[in-house]
Amino acid sequence: MSIAATECLLRLHDEHHELEDYQSGVPRWCTGCGDNAILAAVQRLCRDENLRPEKTVFVSGIGCSSRFPHYMKTYGFHGIHGRALPIAEGVKMARPDLHVFVNTGDGDCCSIGAAHWIHAIRYNMNMTVMLHDNQIYGLTKMQASPTSPKGLKSNTTPRGAYLDALQPLTVTLGVQNVSFVAQAVDWIPEVLYDILSAAFHHKGFSFVRIIQRCPEWLPKMFEPWLHDPQRILLLNHERGLQVSPGLAKVYKNQERHDPSNLNRAREIASVMDPIPVGILYRNPDVPCYEVLRRSDQLRSADFIKAGLEAEFDKFTVWPQEAQERVKPHA
Amino acid sequence: MNETSLLQPVRAAGSSALSRPDEKTVTTLTEHVVEVISDSGEGAQRCGQSLGGIAAKMGNGVWTVEIIPAEIRPPARSVAGASGNRIRLGARRVTNGGNETDLVVAFNEQVLLGRVRAHELKPGCIILLESMWREDSDPKIAASYKEVHGQLVAAGYRVYEIPMERECRTVVADARRGKNMFALGMLCNLYSLDLQLGRDQIALTFGKKDKSVVASNVKLLEAGHEWAERNLDFKFRIPAQRATEPQIVVNGNTALALGILASGMEVCAMYPITPATSASHYLSDVFEKVGGVVHQAEDEIAACAFAIGASYAGKCAVTITSGPGFSLKQEGIGLAVMGEIPLVVVNVQRGGPSTGQPTKAEQGDLLTAIFGSHGDAPKVVMAAGTIEDCFYSVIIARKIAETFNMVVVVLSDANLATSQQPFPRPQFSEAWLAPPVDQSAVPERAKPYDWDASTGLARRFIPGQPHGMHTLTGLAHDTLSHVAYDAESNEHAIHSRSLKLAALQKTLKTPPVFGDAAGDLLVIGWGSNKGTIEEAVEGLRAEGRKVSSLHLTFLQPMPPGLKEIMQRFKKVMTIESNWSDRPEDDLIDESNRRYSAVAMLLRSRYLVDVDCWSEVRGQPIKPNTIRRVILEKLGRP
């Protein structure tokens, strides 16, 4: 995508942004909703990375969490249920120069949009994807989602959810071309920020599952984990998450995990208790689909014309005189 | 047939006289419909396409139609397995596939039987039939051949038994693979076509392969030509006029893909579906050469969403599909309508509903195109009427989509998709191309949906434009793109989106009437029936009947002036390839009759008593059928 020279010059002049430059309106999420913590972390990240608001796009589907873009003072695309990922892919393909973020819920991503999720991992387009996983449908008022624990009573499972919960991390880690998988929880903001920052800096499809509380429908769901730091397994590594001394005092249950170790990542991902938090997998060498597919050719009118005329030539029946003169296929 | 008989002119079973080859009279024709059919993979399609190409170069009018079995590999020698091509050759420009077949080359009697049973052959049709089956080592096959041959002769067809494979074996080792070029040589002879053009065609077709492949195919071509010259007792000539301007010979799907190329669009997202996919095959091959991307998405919904995302952030994008995929895309189309994101959706219609008839032609998706997606979702719908239209429609669609920030649906169908007809080589215009993506700053505090009160139009803010930041949403929204459920905002937005259709309608021209501006009957059609309707109308007008026709390219909005046109005729009817209830059915009366799509639209919009006639036989309506329908509607003069 070509840009004007003046635009380039403008960029040399480094702009500075404040938090307010990314804040738009007062979120209408419930008090104590994990979405608020994610929003705060993301706005901080945008400020710290000094992202140009007009060059940043948040794409979402439908659900509580998908209201996210409305609270960012960037470009946003609040799409339709389940389709945030293919919309974001189109954005990225057309405009690799944009910073693309995706906010999607457990229903949006893991249920109605599950096909897109699998394929988005495979495309590995450069974007940061936040799976806001509260294990329940909130906006439609408490129905079981694919990540709801077995036995959870909801409006559609009054006698308890029938099936074991789908594990977003193991699914993601099982797909070819996976390049970045991390897990955070909304109640440890410092780690949430660090993980989102690492995800943003990873070139490829960065998938961050964020376990978050729903104070309205599942107010007690994560109480045991909140009150017992031992039930969080912090993953640390010099190439992964580096745990601050302060945090280490509280969260003593840690594992040194090399994010390049896919097999160990899969093992960690399959554990639900303690909840693993950190960067499970990172592979910077997986090619990005938009890089594979896009040509950097400047699409001038002459260039398109030349391509088109060459195609016309293939199918042209020339008048006899012209054919004798031109003989394009002789 | 024995060896010596080969030296004598082959006498058609049922034909009266034997003539010496040197005494052959050349019959001049105004047109002929030729078929070449075989089992899948025997090359009848290539033979037919080549014949069309040669005739086009001669300057004949040409329309070729693929004959496609529904299965990938139907069993050999099966009645349902006919694969090949139907070529209508004319002294003048040909606008459709025409009536039943006049001459058929068949590689076995079973595929031929399929065509006979489908009533695709004219009474007395000339049949050039591979005769090797008569001597087949499998007695069942030999018996079947003899039985069918006997029936065909008894039915009055002029059957010539031709030992094609045996003759080919005198030239090449693997005769089964070269038979199609032998057949092409025969056809070149029978229609007095320039054999050198045949050689050129082979060089073009096999140019990428080894020179020996070209050489052996040329040998087969020449052998077929020579054999027909020596052994067949008839010959035709269809006068031709060489075009003075270069012509493009492609099918409708290739024309669509060329249109995408020429429109300056950069992203095409699709999912494989018949009969749309061949457009994407071709586009996949060439789009990258001009910096475009064909994205094969994981499903139809994703393809639509991907195109919407690309459009939202850049130039208008396109998604190509057929019926079932079009249904799947409807929610996404509604999103594009709601967000006012330009989008081109191409639907190469097939037979429906559900999986329906994937390879067959039908015009059953018009109402879905106009009214599809829930809620009030106004979008532009246009239909290509010719192969040439397929090319230009996409360019126009892109332009409208970006001017009005609307979804534009381009309807084609399985008939146009696979048919070939020459049209003048387009002269490139820079005006076809999409403008560069606007990245200039928008005025501070400008509203993303600052709808113009009279046209409903609003400037689109594209990511990258400073001060334009907003969140596009599929929820009801106000001028700031804020979610708004209040009554005023909702009506304001729906009102504005609807006005855009009216604004476009004011720019459309009244379509020309084919024939006189007034008369006894006006026949209205759309899509690929254009050429057929006009041919039938032209024929009847030459006989003094007061019938005219009107072709609609824009179906939503409809162009101005239609009511005035219709009012100048005593009767108005549409002819369409979709279902309409038969008035003669016991249960059907005026209170319950379901009309064809355009008839229903015209009746409801203009309060004109528009009748309709339609069929859903999976193939283009024939000119003779339309002629009969018109005559019935006109009544006795």
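Predicted model: local features only at pLDDT ≥ 70, side-chain atom pairs only at ≥ 80, totals over all residues.
View 1. The largest nonpolar core runs to 261 residues, and Ile127(B) and Cys268(B) have the most contacts inside it. Zoom in on Cys268(B) and you'll find it touching Ile260(B), Ser280(B), Leu283(B), Phe287(B), Gly292(B), Val294(B), Ala317(B), Val318(B) and Ile320(B), leaving out residues up to four places away in sequence. Apart from this core lies another one, of 7 residues, including Cys64(A), Ile136(A), Met142(A) and Cys214(A). As a rule, nonpolar side chains in soluble globular proteins tend to be buried together.

**View 2. Domain 2 of chain B against domain 4 of chain B.** Chain B splits into domain 1 (22-237), domain 2 (248-427), domain 3 (436-507) and domain 4 (513-634). Here we look at domains 2 and 4 of chain B, whose C-alpha centres are 26 Å apart. The contact involves 22 residues of domain 2 and 19 residues of domain 4. On the domain 2 side, the elements giving two or more residues are helix H13 (366-371), strand S14 (380-383), strand S15 (407-413) and helix H15 (414-418) of chain B. Sort the domain 2 side by class and you get 11 nonpolar, 7 polar and 4 charged residues.

**View 3. The two domains of chain A.** Chain A gets two assigned stretches, domain 1 (11-290) and domain 2 (295-330). Taken over C-alpha atoms, their centres are separated by 50 Å.

**View 4. Where chain A meets chain B.** On this interface, 54 residues of chain A are in contact with 66 residues of chain B. The chain A elements that supply two or more residues are strand S2 (75-78), helix H3 (84-94), helix H5 (114-123), helix H12 (301-315), strand S12 (316-317) and helix H13 (320-326). H12(A) brings the largest share of the chain A side, 10 residues. So what is the chain A side made of, by class? Its tally is 26 nonpolar, 15 polar and 13 charged residues.

**View 5. Strand pairing between the chains.** S2(A), listed above among the chain A elements that touch chain B, pairs with strand S17 (residues 471-473) of chain B. The two strands run in the parallel sense, with 3 bridges between them. Which residue of S17(B) is the bridge partner of Gly76(A)? That's Thr471(B).

Note on methods
Residues numbered from 1 in each chain as written. Chains lettered and ligands numbered in written order. Core = buried A, V, L, I, M, F, W, Y, C linked by C-beta atoms within 7 Å. Buried ≥ 20, exposed ≤ 12 C-beta atoms within 10 Å, placed from the backbone. Contact = placed C-beta atoms within 7 Å. Domains from an automatic or database assignment. Helix = DSSP H or I, 4+ residues; strand = E, 2+ residues; numbered from the N terminus. Nonpolar A, V, L, I, M, F, W, Y, C, P; charged D, E, K, R; others polar. Pairing = 2+ DSSP bridges.
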